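Colleague: I'm new to this one. Can you walk me through it?

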Amino acid sequence: MSEQAKISLRKAQTRRGKIKFYMTLIILSALYIIAILNTSFSISGSQASPLDTLRRIFIVPITQVDYIVQFPEYIGYMLETIAIAFAGVVVATILAIPVAFLAARNISKKFSYLGKALLNAIRAIPELIFAIIFVAAVGIGPYAGVLAISINSIGMLGKLYAEVIESIDLSTVDAIRASGGNRLQAIWYGVLPQVLPEFSSYSIYRFEIDVRASTVLGIVGAGGIGAPLILATYQRNWEDVGMILIVVVLFVSLIDFISGKIRKKLV
Amino acid sequence: MSLVYPNGHQGLKDINLTINDGEFVVVVGMSGAGKSSLIRSINRMVTPTDGELLLDGENVLTFKERKLRQLRTNVGMVFQSYNLVKRMSVLRNVMAGRLGHTGTLRSMLGLFSQDDLQLAMNNLKRVGIEEKAYVRADQLSGGQQQRVSIARVLTQQPKVILADEPVASLDPPTSHRVMKDLRRISKEDNLTTLVNLHFIDMAMEYADRIIGLRDGQVVFDGPISEVSEATFEEIYGRPIKDDDLLGGDEE
C-alpha cells in the first residue's frame with residue numbers, strides 16, 4: 001500500500017501547460033494596466049463635501065418629516081414603473097413564443113437561424129436606445145416605456161424559450177404526428193405542456209429585470225420613477241434622490257423575493 | 001419494398017409481405033434487423049425509398065401531407081417509451097389520440113365533443129385504469145403508462161395498430177399483462193396489429209403469425225403453428241440463448 005504513487009486531484013501539468021498559464025497571466029495583466037492608464041483617474045473636488053451629500057441621501061430622508069411625507073407620492077411613481085414592466089413582459093411573453101419556436105433548432109430545422117438572428121439583433125440594442133427611439137416615435141410617457149421593455153424582453157425571453165424547446169423530449173411530437181395530428185396540434189399538445197412551466201419561470205425572472213430596467217427608462221422620458229429621479233439629481237436634491245432610492249430598493253427587493261418563491265414552485 | 005437511409009444504411013431489402021385484416025402479427029429479429037424500419041414504414045414515420053406499400057389498395061408511399069395525416073389517423077402507433085406528455089393528465093394524453101379527428105382550432109381550445117370524451121374514458125376503462133384519468137401521466141408506473149398509450153391509440157379509432165417494442169422497457173409480468181391487453185383489444189375490435197418483439201417466448205405466446213427479419217430481409221413468414229425453435233435459430237442466425245426468453249408469465 002505504502003508504495004502507491006500519490007494521486008493529486010488535478011492532472012499533472014506539462015511544461016507547455018505552465019508556459020500557457022503564465023503567458024495568459026502576462027497578457028491579462030498587460031490589458032489591465034493599459035485599461036487603467038486609459039481611464040486617467042483624477043478627483044476634481046466639488047464645493048459640497050462628500051460626507052454631507054451622503055448624509056443628505058441616506059439620513060435626512062428618513063429622519064425629517066418633510067421628506068417622509070413624500071413617500072406615498074413616490075410609491076405612485078414606482079407603481080407606474082412596475083406597471084410598465086408588467087405590461088411589457090406580458091406582451092413580450094406572448095410574442096416571444098412564436099419567435100422561440102422559429103429559433104428552436106429541433107422545431108424549425110434550417111429556419112432556426114432566421115429566428116436566432118432576429119433575437120440576436122434585438123439583444124444587441126440596449127433598452128435605453130429602444131426607449132429613446134419610442135419616446136421620439138410615440139411621445140413622452142409610459143407607453144414608450146412599455147414598448148421599449150417589451151421589444152427588449154422578446155430578445156432575451158425568445159432565446160431562453162428556444163433553449164427550453166431545444167432541450168425537450170420530442171417523442172410526444174412523434175406520437176401526435178403518428179396519430180394524424182398536424183404540426184400545430186403536435187406543438188400545442190406535445191411541446192407546450194412540457195415547456196410552459198419553464199416559460200412562466202423565465203417570464204417572472206424577466207419581470208424582475210424589467211422592473212429594474214424601467215426604473216432607468218424614466219431618465220429618457222419613458223415614464224415611471226426614473227423621471228423624478230433624474231430631475232432630483234440634476235437639481236442636487238439629494239434628499240429626494242435618497243427617498244426615491246429607498247422606494248426603489250424596497251420594491252425591487254420585495255418583487256425579487258416574491259418572484260423567487262413563485263419560481264421555485266413552478267419548476 | 002426497400003428502404004435505404006440517408007446515411008446509406010440499407011434498412012430494408014426487397015420486403016414483400018401481405019398482412020391480412022385482423023391478423024396479430026409479431027415481427028421478430030435481432031436489434032438492427034429492420035423491425036422498427038418495417039413498422040415505421042407503414043405509417044410513413046420513415047419513408048421507404050423504393051417499391052410500393054399498399055393499404056386498402058392505395059400506395060401510401062405517394063401520400064402527401066393531407067392524405068398522410070388521414071393515413072396516420074387510421075394507423076395507430078404504440079411506442080417503446082410510451083411517448084406520453086408527462087406533465088399532462090392521463091385523459092388529456094388519451095385525447096391527444098383524437099387530434100387527427102378534431103379541427104385545429106377546436107383542439108387548441110380543448111373543445112372536444114362529449115362523444116370523444118366518452119370514447120376516451122371508455123378506452124381507459126378497457127385497459128383498466130379509468131380511475132387514473134385525472135392523474136398526471138408521470139405519476140403512473142411504466143405498465144400503466146403503456147396502457148395509457150394503448151388507450152390513446154384506441155381513441156384514435158384506427159384500423160391498424162403498430163407497436164414498436166411496446167414492452168421493451170417493462171418487467172416480465174407487466175410485459176405479459178400489457179401484451180394480453182393489446183391482444184384482447186385487437187381481437188375484440190378486429191384490428192390488424194403488427195408488434196415488434198425480441199423475446200421469443202412472447203412472440204410464440206401472442207402471435208397469430210410471425211415474420212422474421214435478418215439484415216433487413218424477411219427470412220421467415222408463417223403462422224404460429226409452423227414455428228419451432230429451429231425457426232428462431234434461423235431468424236437469429238445462431239442458437240437460442242436464455243437471453244432471448246423473457247419468461248415470467250404469472251398465469
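This is a predicted model: local features need pLDDT of at least 70, side-chain atom pairs count only at pLDDT 80 or more; totals for chains, interfaces and linings use all residues.

Colleague: At what angle do H11(A) and H13(A) cross?

Modeller: Roughly 175°, with the axes of H11 (residues 183-217) and H13 (residues 238-266) of chain A coming within 9 Å. That makes H11(A) roughly antiparallel to H13(A), a label for angles over 145 degrees. Axes are lines fitted to C-alpha atoms over the stretch in contact, with angles from 0 to 180 degrees between N-to-C directions; helices are DSSP runs (H or I) of at least four residues and strands (E) of at least two, numbered from the N terminus.

Colleague: Which residues of H11(A) meet H13(A)?

Modeller: Among them are Pro197(A), Ile204(A) and Arg212(A), and the H13(A) side includes Val248(A) and Leu266(A). Contact means heavy atoms within 4.5 Å.

Colleague: New topic: how much space lies in the largest pocket?

Modeller: About 810 Å³, the space filled by probe spheres set on grid points joined across faces, edges and corners. A pocket is an open set of points on a 1 Å grid over the protein atoms alone where a 1.4 Å probe fits, with protein on both sides within 12 Å along at least five of seven lines; lining residues have an atom within 4 Å of a point.

Colleague: Which element gives the most to that lining?

Modeller: H2(B), with 4 residues.

Colleague: And the second largest pocket, how much space?

Modeller: About 270 Å³, and H11(A) supplies the largest share of the lining, 4 residues.

How values were computed: Residues are numbered from 1 along each chain as its sequence is written. Chains are lettered from A and ligands numbered from 1 in the order in which they are written. Side-chain values use heavy atoms; hydrogens and water are left out. Angles under 35 degrees count as roughly parallel, over 145 as roughly antiparallel, 65 to 115 as roughly perpendicular and the rest as oblique.
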